[in-house]
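Please read the points below alongside the sequence and the model.

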Amino acid sequence: GKLFERGPAEKVSRKALVKLIAPSLCGILFVASLLPAGLQNSKKANASGDLYPYVFGRAAFRAVEPNALIVSEYDGRTFALWFFKETEFRATHSDCAVVLKYLLVWPWYIENLDKLYPDVLLPQAGAMDETMLSLVNLNIDKRPIYTVREDPALRSLFTFKPVFGGETPLYRLQRH
């Protein structure tokens, strides 16, 4: 009888094996359950054929003067502007400032802008439209200012001069 009895070491190793295998199997089953959906939706989520950010970013920096301040909205446009400012147009437009309107509510963003663009006059962080309006008012006499849409918050004090239109327009601001 004692020949076939299991000792304590075998019981511990069997428990350890179960603790290792059970979570691994659960993980494999979880990944396997997501795989079909991922494969099916990867074609729908593929944005490699979307040329709007590329066309917009390049056209914007060909159109704006050096030292411009561009108040941007929408991720695709903003990322394109940041990309082209730091790559293809770095030599000719290094003093351009690209500001994402939606982040003007955060003090850390204003502090970051101050480090990136020390010659841009910056307001305190606050309500988005009021902070954007303050940013434009502080800088309109120092540098050309552009926006990516006819923002209603700026309409009372500024005129929007179209630089180019289409699905991704750009406007130069001028005082009334």
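1. A residue is called buried when its relative accessible area is under 20%, exposed when over 50%, and partly exposed in between (1.4 Å probe, protein chains only). This is a predicted model, in which local features need pLDDT of at least 70 and side-chain atom pairs count only at pLDDT 80 or more, while totals for chains, interfaces and linings use all residues. Residues are numbered from 1 along each chain as its sequence is written, and side-chain values use heavy atoms, with hydrogens and water left out.

2. Helices (H or I, at least four residues) and strands (E, at least two) are DSSP runs numbered from the N terminus. Two strands pair if DSSP finds at least two bridges between them. Opposite F158 stands R175 in β5.

3. Rings of Phe, Tyr and Trp (its six-membered ring) pair if their centres lie within 6.5 Å; planes under 30 degrees apart count as stacked, over 60 as edge-to-face and the rest as tilted. The count by this rule is 8 aromatic pairs. One of them joins F79 and W82, a tilted pair at 5.7 Å centre to centre with 35° between the planes. These two residues are 3 apart in helix α3 (residues 75–86), so about one helical turn separates them. F79 is partly exposed at 45% relative accessibility, and W82 is partly exposed at 29%.

4. F160 and Y171 form an edge-to-face pair, 6.0 Å centre to centre and with 85° between the planes. Because F160 lies in strand β4 and Y171 in strand β5, the pair ties together parts 11 residues apart in sequence. F160 is buried, with a relative accessible area of 10%; Y171 is buried as well, at 12%.

5. Ring pairs also link Y54, F61, F83, F84 and F89 into a cluster.

6. Helix α6 (residues 128–139) has 12 residues and reaches 17 Å from its first C-alpha to its last, close to the expected 16 Å (1.5 Å times one less than its number of residues). Which residues of α6 are buried? They are T131, M132, L135, V136 and N139. These cover an arc of only 135° around the axis, which puts them on the same side of α6; the arc is that of the directions from the helix axis to the C-beta atoms. Their cover, by contact (heavy atoms within 4.5 Å), includes β1 (69–72), β2 (97–100), β3 (145–147), β4 (158–164) and β5 (170–175).
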